[in-house]
Amino acid sequence: MKASKINTNLNSYINSFIVHNQYDNQELVKQIVDNFQSIVLKKNEYLVHEDEICPLFCYIESGILQHAILVDGEEKTTYLALRNSVTSSLNSFLNKIPSRKSIKAISECNLKVIDLESFQKLMNNNEIFKQFYHNLIEKQIMLIDDYRIDLLILTPEERYKKLLLTEPNLLQEVPLHYLASFLGISTRNMSRIRKNVK
C-alpha cells in the first residue's frame, strides 16, 4: 500500500447522493473530500485480511476490490467493488472487530480512504456527510436485497445475462473464476454459459 497523488472524482460521487438545497453545500463537500487520503493498492494487495480489523472506509477511483471468505479452504467471492463506488468491511471498520472477510485488489486500485476517527468526526459535525452516508447505505441495502433474491429465483444463465446487461465491463475486467464465484456458479458452468450466451 503506497501513497498516491491522483485526481479525485469523490466530489462528484458525494454530490450525486445529496439534496442541493443549501447555500453552503459545496463547502461541506470540500470538507469531506479533504478528510480522505489517496493511496494505491497494487494487484493482490489487501485492504484487510479476514480476522483483522478493517482500518479504512474507501472510495474506488479506479480498479476492482474483491470481497472474499474462505469456506473449507476454498475462496468464495461475496462482492466485487467497482470504480466509482465506496466499500469497506463495514462492521469491522465501525465497531473495531475482526473482519469476517478479506478485501483484495484484483487489479491496481487508486483509492481515497478515511480512518474511523475522521469518519466519526464528519458524522458528528458535517450534515452533508450524514446525508450522503444515509442515502448511500439505503441504496446499498436495496442492491444487496436484489442480489440475494436473484440468487434464489434466477437460473445461472439468467444471472449471467443480468450481469451482462448491468455491468458489461466486468466481463473484460474480472477473471472468470471471480465472476463465477460472485454469481454462485461453478467455473465449469460459467465457461459453458459464456459460450452459449451471446
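A: In this predicted model, strand E5 (residues 65-71) and strand E8 run antiparallel and are joined by four bridges, and within this pairing Ala68 stands opposite Ser102 of E8. Strand E8 also pairs with strand E3 (residues 46-48), again in an antiparallel sense, through two bridges, and here Tyr46 is the residue that stands opposite Lys104. In a regular strand the side chains alternate between the two faces of the sheet. Strand E8 itself covers residues 102-105, with Ser102 and Lys104 pointing one way while Ile103 and Ala105 point the other way, and all of these residues are buried.

Strand E9 spans residues 109-114 and contains Asn110. Asn110 counts as buried because its relative accessible area is 19%, where the cut-off for that term is under 20%. The side chain of Asn110 is joined to that of Ser62 by a polar contact of 2.9 Å.

At its N-terminal end H5 is capped by Asn126, which places a side-chain oxygen 3.0 Å from the backbone nitrogen of Ile128. Ile128 is also one of the buried residues of H5, and the others are Phe129, Gln131, Phe132, Tyr133, Leu136 and Asp150.

Notes: Residues numbered from 1 in each chain as written. Predicted model: local features only at pLDDT ≥ 70, side-chain atom pairs only at ≥ 80, totals over all residues. Heavy atoms only, no water. Buried < 20%, exposed > 50% of the residue type's maximum accessible area, 1.4 Å probe, protein only. Polar contact = N/O pair within 3.5 Å; in protein donor to acceptor, adjacent residues only side chain to side chain. Pairing = 2+ DSSP bridges.
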